[in-house]
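Open the model in your viewer and keep the selection panel at hand. The stops below say what to select next and what is there.

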Amino acid sequence: MSNKFLPQEDKKNILVTSALPYVNNVPHLGNIIGCVLSADVFSRYSRLRGWNVLFVCGTDEYGTATENKAIEEGLTPQEICDKYHAIHSAIYKWFQIDFDFFGRTTTEKQTVIAQDIFWRLHKNNFLLEDTVEQLRCENCQRFLADRFVEGICPHCAYPEARGDQCDKCGRLINAVELKEPQCKICRKTPIICSSKHLFLDLPKLEIQLEQWLDKSTSTGDWTANAKQITRSWLRDGLKPRCITRDLKWGTPVPHPDFKEKVFYVWFDAPIGYLSITANYTDKWEKWWKNPPQVELYNFMAKDNVPFHSVVFPCSLLGAQDNYTLVNHLVATEYLNYEDTKFSKSRGVGVFGDMAKETDIPCDVWRFYLLYVRPEGQDSSFSWADLATKNNSELLNNLGNFINRAGMFVTKFFEGCVPAMVLQQEDKKLLALVAWELQQYIQLMDKVKIRDSLKHILNISRHGNQYIQVNEPWKNIKAGDAERQRAGTVTGVSVNIACLLSVMLYPYMPTTSQTIRDQLNCPQSVIGTMLRGNGNFVCALGAGHRVGAVSPLFQKLEGDQIEALKKRFSGQQKVASSEAATAPAPAAEATAAADPERAKQLSQAVVEQGEKVRNLKAQKAEKALITAEVTLLLDLKKQLVLAEGKTPEPAPQKGKKK
């Protein structure tokens with residue numbers, strides 16, 4: 001790219017990053033909405049506002065998970081990185097994620113910048129040496145980094161905790177604390193050995209960090225969960241954090257006493273934002289060492305928060321090199337799939353490379369994921385709800401209004417926007433539309449992406465009602481006054497449709513362009529309508545000629561959705577239906593025990609139980625709690641069957657279910 005975006009003196013400069021997707025797997029819909037899609041919407045919106053934006057991302061390629069995947073697929077770590085970097089790039093391209101640069105962490109610039117930060121931390125006495133007890137698999141002849149070991153969480157007894165963190169209780173773990181640890185490669189029990197490592201002295205940086213956090217969280221738009229997770233880390237007191245690992249695949253530690261080691265991926269990976277920018281432009285420091293002029297937005301799912309709010313900022317603060325630190329930390333909760341979790345191994349859920357195969361347009365996927373974006377709490381992808389939202393909101397609401405507005409121009413006014421003589425009713429509608437537009441802008445400025453989408457749909461709802469009340473198709477056949485009224489209603493409607501095309505651009509870029517093409521909107525509308533406080537302007541004056549108008553959306557049929565739901569339900573659906581239809585097992589059923597299935601279901605029961613407890617604590621709607629309890633009971637029944645036991649008969653209750 002010849003035109004490199006650099007900060008400008010007279011503009012608001014926005015640097016957007018989304019958490020670097022790990023290169024060892026295919027991203028699912030939850031991964032996509034959690035970071036890259038949310039960041040893309042905000043980047044597109046920021047450009048509409050006239051801000052100077054740079055949006056960077058890339059694949060996170062070093063560390064144990066890559067080594068693990070390489071062993072699994074019989075490839076070298078570099079081959080794995082090349083393979084999955086291409087897969088990720090293709091998926092994001094299909095989803096129309098408009099990066100200014102999508103790079104990777106396995107580059108020379110990554111080594112140079114990471115080692116420079118390391119030496120600065122070393123010089124400023126923010127590193128410690130210590131001997132660490134860690135797990136070693138004698139069978140595999142290797143030290144086991146965090147992701148190579150699983151066991152029982154010492155805090156909550158979750159049976160599949162990783163060596164660095166428990167996915168159930170969220171607590172950080174040292175691998176040696178795990179109960180009944182197992183090597184993930186060979187399933188043998190590892191032994192404890194000693195190894196010398198380097199640590200980032202977080203306690204020494206704690207005061208600096210707190211001072212910076214107080215300022216950043218009070219002046220920036222940090223999501224509530226980002227603040228809460230960060231506070232919980234500080235409340236417990238920071239501990240030194242190991243930044244080296246006994247691995248081969250990683251950025252080499254340049255210190256002569258540690259030359260056999262590499263940097264731990266969570267010290268190294270966030271530095272990828274800097275090195276990816278450096279691969280985009282040699283003047284990368286104008287973005288990353290320019291805090292007075294640059295506002296940094298980080299997008300991620302909540303599990304990435306502490307590394308972006310504590311560990312990485314401490315690395316940059318300790319380096320003392322005027323680094324740009326995050327101003328706005330935007331974290332989502334989790335997106336689940338139907339009533340369970342996405343699982344590649346079980347074939348459950350839609351993964352990025354599969355969405356294209358469904359023949360549902362990219363913009364519909366974008367719309368629905370953003371409609372259910374887990375902003376304040378976990379949410380779920382549901383096929384039935386996708387169809388409902390497509391058919392009601394896109395087809396019958398938004399598409400219906402825009403199509404009718406355009407069709408009235410072509411059908412009744414020979415393709416030219418008629419003259420408009422505004423009455424009180426029209427002015428009232430335009431004031432309502434302007435208010436919705438201002439709400440949209442206020443929410444988007446605060447990165448409330450899901451909430452602001454509702455205001456687009458509100459505008460088209462107002463527009464549909466306006467058309468229904470005024471009935472231009474009847475007025476056009478009456479006298480001059482009525483015909484003039486039909487012209488005003490049509491002209492107002494088609495101008496509102498033009499506004500909607502601009503507001504839709506961050507969410508549904510192809511649809512936005514299609515509307516502008518159909519209405520033959522001047523190119524300038526994309527750059528003028530959302531500037532300042534958002535004043536609704538008439539972009540299509542009397543005499544403006546529109547293009548060919550056609551429907552924007554198609555109905556999703558029930559049988560099509562049922563087929564897709566079945567296709568992506570994996571083994572879980574089969575197991576669920578078998579459990580529902582199988583006769584009550586006799587005592588000899590113990591012979592049919594399925595330990596692997598029991599292990600999966602045991603995990604599912606723990607997670608579902610936690611979900612029910614959280615809903616009760618939040619005083620959620622009774623119907624929602626009842627549905628989740630029913631699912632929990634069904635999972636427990638399946639678990640009993642998988643363990644080869646006879647389920648207890650359900651207790652009889654006097655009340656109707």
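Buried means under 20% relative accessible area, exposed means over 50%, and partly exposed lies in between, with a 1.4 Å probe and protein chains only. This is a predicted model, in which local features need pLDDT of at least 70 and side-chain atom pairs count only at pLDDT 80 or more, while totals for chains, interfaces and linings use all residues. Residues are numbered from 1 along each chain as its sequence is written, and side-chain values use heavy atoms, with hydrogens and water left out.

**Whole chain**

Start with a cartoon of the whole chain. The secondary structure comes to 23 helices and 16 strands; both are DSSP runs numbered from the N terminus, helices being H or I with at least four residues and strands E with at least two. The chain has 657 residues, of which 55% count as buried. Its accessible surface is about 29400 Å², and 50% of that belongs to carbon and sulfur atoms; areas come from the Shrake-Rupley method with a 1.4 Å probe, and for residues only the protein chains shown count as cover. Take the contacts (heavy atoms within 4.5 Å) between residues at least 6 apart in sequence: 78% of them join residues at least 24 apart.

**Salt bridges**

Next, show the charged side chains. The structure holds 34 salt bridges, each a side-chain nitrogen of Lys or Arg within 4 Å of a carboxyl oxygen of Asp or Glu.

Select Asp40 and Arg44. Their closest N and O atoms are 3.0 Å apart, in a salt bridge. Both residues belong to helix H1 (residues 29-48), where they are four residues apart, about one turn of the helix. Asp40 and Arg44 are both buried.

Move to Lys196 and Glu129, whose side chains meet in a salt bridge at 3.9 Å, N to O. This pair links distant parts of the chain, with Lys196 in strand E9 (residues 191-200) and Glu129 in strand E4 (residues 127-137), 67 residues apart. Lys196 counts as partly exposed because its relative accessibility is 37%; Glu129, at 43%, also counts as partly exposed.

Now select Lys289 and Asp321, a salt bridge with its closest N and O atoms 2.5 Å apart. Lys289 lies in the loop between helix H9 (285-288) and strand E13 (294-301), and Asp321 in the loop between helix H10 (305-319) and strand E14 (328-332), so the pair ties together parts 32 residues apart in sequence. Are Lys289 and Asp321 buried or exposed? Lys289 counts as buried because its relative accessibility is 18%, and Asp321 is buried at 17%.

**Cysteines**

Colour the cysteine sulfurs. How many disulfides does the structure hold? A search of the whole structure finds zero, a disulfide being a pair of cysteine sulfur atoms within 2.5 Å. Cys140 is in none, and the nearest cysteine sulfur, that of Cys137, is 3.7 Å away. Cys140 is partly exposed, with a relative accessible area of 24%, whereas Cys314 is buried at 0%.

**A three-stranded sheet**

Finish at the open sheet of three strands ordered E7-E6-E8, with antiparallel pairing. Strand E7 (161-162) and strand E8 (179-183) stand at the edges with a single partner strand each, so one side of each is left without a neighbour in the sheet. Two strands pair if DSSP finds at least two bridges between them; strand E6 (residues 149-152) and E8 pair over three bridges. Select Ile152 to find its bridge partner in E8, Lys179.
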